[in-house]
Amino acid sequence: MFAYIGRRIAILLVILFGSSFLLYNLAAISGDPLEGLRGSTDPKAKAQIAALVRTLHLNVPPPARYFMWLKGIGGIFTGHFTLGTTRDGNPVSTYLNSAIPTTIRLITMATVVAIIMGIAVGIISALRQYSRFDYAMTFVAFLMYSLPIFWVAVLLKEYLAINFNNFLANGKISPAWIFSAAIISGFFWAALISGDRKKVQIIFAIAAFSTAVFLSLLSVTKWFTHPGLGPLMMFVLGMGFAFAVTYTSTGFNNKAALRSAQAMPILGLIFYFPVEYIFSKHPGATPIALMFLLTIIVAVSTALFFSKIDRGPVIRTSVITSVLVGILFLIDKLMKTWVPYINTDAIHFRPIPTISQSNSLLPAGNFWFTFLDTVTHLVLPTVALTLISFAGYVRYSRGTLLEVLNQDYIRTARAKGLTERTVIMRHAFRNTLIPLTTIIVVDFASIIGGAIITEHVFGWQGMGTLFNTAINNYDLNLLMGVFFVTSSLAVLANLAADLLYSALDPRIRVVGKK
Amino acid sequence: MNFFKRTPKVLPGVADSDIFNKETEGLSQSQIVRGRFIRHRGAMISIFVLLSIIIFVFSALGIKILGFGYGGWWKYNSIEMTPLRSDGCPGGLGGCPTLDLLPGKNFGLGDHPFGQDDIGRDYFALVMRGAQRSLLVMFVIGIVAGLIGTVIGAVSGYFRGWIDAVLMRFNDFIITIPTIIIGSVIGFHFGNKGVLFLAVFLGLFTWSGLARLVRGEFLTLREREFVDAARVAGASNRRIIFKHILPNAVGVIIVSITLIMSGAILLESALSYLGFGVVSPDVSLGLLISQYQDSFTTRPWLFWYPGLFIIVISLCVNFIGDGLRDAFDPRQRRRISRKERSKNHDLTTAAKAGEIN
């Protein structure tokens with residue numbers, strides 16, 4: 001195994017060497033960093049040229065200069081690691097250090113949301129192949145696939161941010177909106193659940209009616225200007241999660257799983273005020289992480305308490321439910337922060353920003369303000385990135401699941417008399433996840449490349465901005481620094497995908513048996 | 001209610017395989033593929049829309065190659081400035097679109113169907129010019145990348161050994177560099193040399209995925225009996241590659257090229273948006289969006305039309321690719337409509353009734 005990884009890393013190093021050599025020379029011959037200065041009439045220009053030539057070694061031909069750059073990276077073994085300096089003389093690594101976390105923050109949330117939603121929608125449309133839902137989702141996926149992200153971004157800024165902020169001024173939903181939302185939700189649920197004509201009509205009516213009532217209630221109670229969940233609402237939602245998770249994970253016949261899942265919202269109700277107290281008195285990332293850990297421990301022990309045999313699925317069910325309930329707690333706290341947050345001078349009732357990554361005018365030191373600020377700044381880029389990458393996951397998971405469903409072992413599973421739920425979730429879905437993992441890992445690396453445009457549109461100071469500056473200023477070292485990070489991530493992701501693949505699928509061996 | 005429940009849709013007495021078998025009776029491979037493609041409704045609509053757009057766009061402004069060509073039927077071009085139309089525009093800003101699709105006295109294209117930009121250029125002409133550019137870039141990238149990818153994939157898959165190793169390592173180099181990075185480097189420095197130059201250069205760096213697929217296809221096909229037969233009959237390597245293996249791999253190639261093309265139009269617009277693609281005074285759809293994104297609140301038409309053209313073109317190419325993939329996939333089981341099945345059902349019952357009598 002280690003020999004295999006070692007060999008793979010050696011090959012990756014060769015590939016990285018080749019591609020960086022290619023890019024370095026291509027970038028070096030295609031532009032002259034001194035062009036601007038040569039034409040200038042400034043008497044100091046000559047001295048500046050000389051200084052640049054000296055610091056950036058411009059008198060050395062590009063192939064040789066590449067090896068000087070490489071020597072700096074090779075310094076990782078001797079402790080003199082350097083990526084060179086930018087044109088203004090600062091080390092490239094200082095820029096990268098501040099840019100990398102920004103970019104990671106930008107893409108993580110979007111990737112997670114896109115994966116979960118994409119896989120869910122893809123699987124449902126595969127199970128309902130050739131239904132109206134399937135056709136609609138295929139069309140939507142292709143449409144999103146064809147959207148230029150910068151175009152979507154401008155639309156989002158206008159409609160999601162500016163109009164939403166305007167809407168928050170009074171928080172009243174107009175009857176036309178309620179009506180159209182009700183119709184859309186009716187169509188959505190009817191197509192999703194499907195059945196014969198009468199059933200579809202009933203589902204449509206129920207969904208449309210409940211959406212209309214729900215939205216009217218929110219509008220009348222001014223929920224949007226004073227959002228919050230409260231213990232009761234959280235209990236109801238938590239129970240909903242408990243049933244949904246149990247249904248997909250084990251089925252209602254597994255009483256132990258159902259009971260331990262239902263125990264989670266009940267425990268949540270009991271601990272609502274203690275958790276609230278900790279949130280207010282000890283804000284910060286550490287208490288949250290500790291409580292998260294505690295939640296998992298409680299979930300596992302509840303599951304152990306309720307189950308006697310076959311404990312794995314029960315533990316899984318209760319852990320997933322507990323995590324969802326935990327997220328409800330966070331959302332509730334953020335909603336409580338909402339009113340004081342939008343009342344601050346820095347926000348002034350316009351909470352969804354269209355640009356930049358944080359609000360510097362916000363009073364510092366308030367953990368929940370900063371948290372909420374990060375969240376609101378993430379809204380638009382996350383929606384934009386999710387819309388784009390969602391489509392790929394839908395198409396891919398649909399195709400894979402359809403292929404898996406045609407396999408012989410699925411027929412065997414059905415012939416054994418397993419329930420359709422077990423066949424789908426345990427036999428088909430798990431096998432779908434294997435190729436999906438590869439795609440996800442490789443995609444994560446390519447999204448970093450795609451983040452260049454997103455950052456540009458939303459004014460984030462990440463890798464994309466660095467890259468932009470590098471190209472516009474003919475800053476070769478900065479460009480290579482950005483490339484070094486993205487391509488290292490890309491090849492590492494490839495390696496991780498291969499290893500994961502062999503870990504998930506026992507039929508694939510990375511190491512030949514002797 | 002069971003969410004996972006399957007609803008069997010088979011009529012008694014009719015196996016779907018009857019219909020499939022009838023479909024393949026006495027048809028050549030290409031006839032089957034063509035038949036399947038024509039039945040793919042999304043792909044057929046897309047082909048129709050895409051061809052209409054191409055004809056519309058190129059006939060509106062005309063096309064000139066090496067001094068020959070024709071001028072186009074639209075009265076303005078993308079350079080000349082006309083006085084801003086001011087009557088009847090909301091908000092007092094000039095240059096709003098005159099396109100009116102609702103029946104009435106203003107029905108029709110009008111003087112400036114897509115409006116005018118802030119200095120009075122006709123926006124219809126600008127969008128047409130941009131769409132021409134984008135389509136050109138798309139096809140050139142498709143052709144260049146398709147050619148290179150096919151040749152490199154075919155050679156390395158067919159010859160294997162050290163040729164394969166060298167070519168595939170080179171392929172890996174290209175894959176490691178994100179397309180947007182290499183595109184920006186190229187675009188920034190060569191964008192001013194013209195759109196054709198840019199497209200060819202981008203094509204030189206977008207073939208890597210295709211090459212991998214073609215190589216995989218060649219690796220399996222070269223072991224097949226018909227290749228052995230050809231080799232025994234004394235066919236040369238070139239003949240085997242082009243006459244025997246390539247026609248069998250054409251499905252993979254065509255599907256992959258459509259994907260490259262739909263990616264290419266988005267790549268070009270993204271590069272132009274960042275300022276690294278087509279540069280002013282030349283026009284492309286991405287560049288138009290980039291130039292006018294700030295005027296979305298004041299002059300929204302400057303933003304809508306180029307975006308719609310990008311989306312429609314890219315959507316059409318994607319659907320065509322999907323239709324081709326379905327048509328070329330031998331395992332693809334096409335949907336059998338209820339009508340077809342009941343028709344078949346009637347036939348079989350009639351036949352059975354006939355037998356009994």
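Me: Why does A:Y474 count as buried?

Reply: A:Y474 has 21 C-beta neighbours inside 10 Å. A residue is buried if 20 or more other C-beta atoms lie within 10 Å of its own, exposed if 12 or fewer, and partly exposed in between, with C-beta atoms placed from the backbone. A:Y474 therefore counts as buried. This is a predicted model, in which local features need pLDDT of at least 70 and side-chain atom pairs count only at pLDDT 80 or more, while totals for chains, interfaces and linings use all residues. Residues are numbered from 1 along each chain as its sequence is written, and chains are lettered from A and ligands numbered from 1 in the order in which they are written.

Me: Where is A:Y474 placed, and what is stated about its phi?

Reply: A:Y474 lies in the loop between α18 and α19 of chain A; helices (H or I, at least four residues) and strands (E, at least two) are DSSP runs, numbered from the N terminus. The phi of A:Y474 is positive, about 55°, although the residue is not a glycine. Most residues other than glycine have a negative phi.

Me: Is A:K222 buried or exposed, and why?

Reply: A:K222 has 12 other C-beta atoms within 10 Å, so this residue is exposed. A:K222 is found in the loop between α9 (197-220) and α10 (230-249) of chain A. A:K222 is not a glycine, yet its phi is positive, at about 55°.

Me: What makes A:V482 buried?

Reply: A:V482 has 32 other C-beta atoms within 10 Å and is therefore buried. A:V482 belongs to helix α19 of chain A. Not counting residues up to four places away in sequence, A:V482 touches A:M463, A:L466, A:F467 and A:A470; two residues are in contact if their C-beta atoms, placed from the backbone, lie within 7 Å.

Me: Which residues does A:F467 touch?

Reply: With residues up to four places away in sequence left out, A:F467 touches A:I452, A:L479, A:V482 and B:I181. A:F467 is also one of the residues with the most contacts inside the largest nonpolar core, which has 160 residues. A nonpolar core is a set of buried Ala, Val, Leu, Ile, Met, Phe, Trp, Tyr and Cys residues joined through C-beta atoms within 7 Å. Helix α10 (residues 237-274) of chain B gives the most to this core, with 18 residues. Apart from it lies another core, of 18 residues, including A:A257 and A:F279.

Me: Why is α5(A) called oblique to α19(A)?

Reply: Helix α5 (residues 92-127) and helix α19 (residues 476-504), both of chain A, pack at an angle of about 45°, with their axes 10 Å apart. That angle makes α5(A) oblique to α19(A): angles under 35 degrees count as roughly parallel, over 145 as roughly antiparallel, 65 to 115 as roughly perpendicular, and the rest as oblique. Axes are lines fitted to C-alpha atoms, for helices over the stretch in contact, and angles run from 0 to 180 degrees between N-to-C directions. In this pair, A:V92, A:Y95, A:L96 and A:I100 of α5(A) meet A:N477, A:L478, A:G481 and A:V485 of α19(A). By class, the contact has six nonpolar, two polar and no charged residues; Ala, Val, Leu, Ile, Met, Phe, Trp, Tyr, Cys and Pro count as nonpolar, Asp, Glu, Lys and Arg as charged, and the others, Gly among them, as polar.

Me: Why are α2(B) and α12(B) oblique to each other?

Reply: Helix α2 (residues 29-39) and helix α12 (residues 301-328) of chain B pack at an angle of about 140°, with their axes 8 Å apart. The two helices are therefore oblique to each other. B:V33, B:R36 and B:F37 in α2(B) meet residues in α12(B), among them B:G323 and B:D326.

Me: How many residues of chain A are in contact with chain B?

Reply: 38 residues of chain A are in contact with 35 residues of chain B. The largest share of the side of chain A that touches chain B comes from α17(A), with nine residues. By class, that side has 23 nonpolar, twelve polar and three charged residues.

Me: How many helices and strands does chain A have, and how many does chain B have?

Reply: Chain A has 19 helices and zero strands, and chain B has 13 helices and two strands. Of the 514 residues of chain A, 33% count as buried; of the 357 residues of chain B, 40% do.
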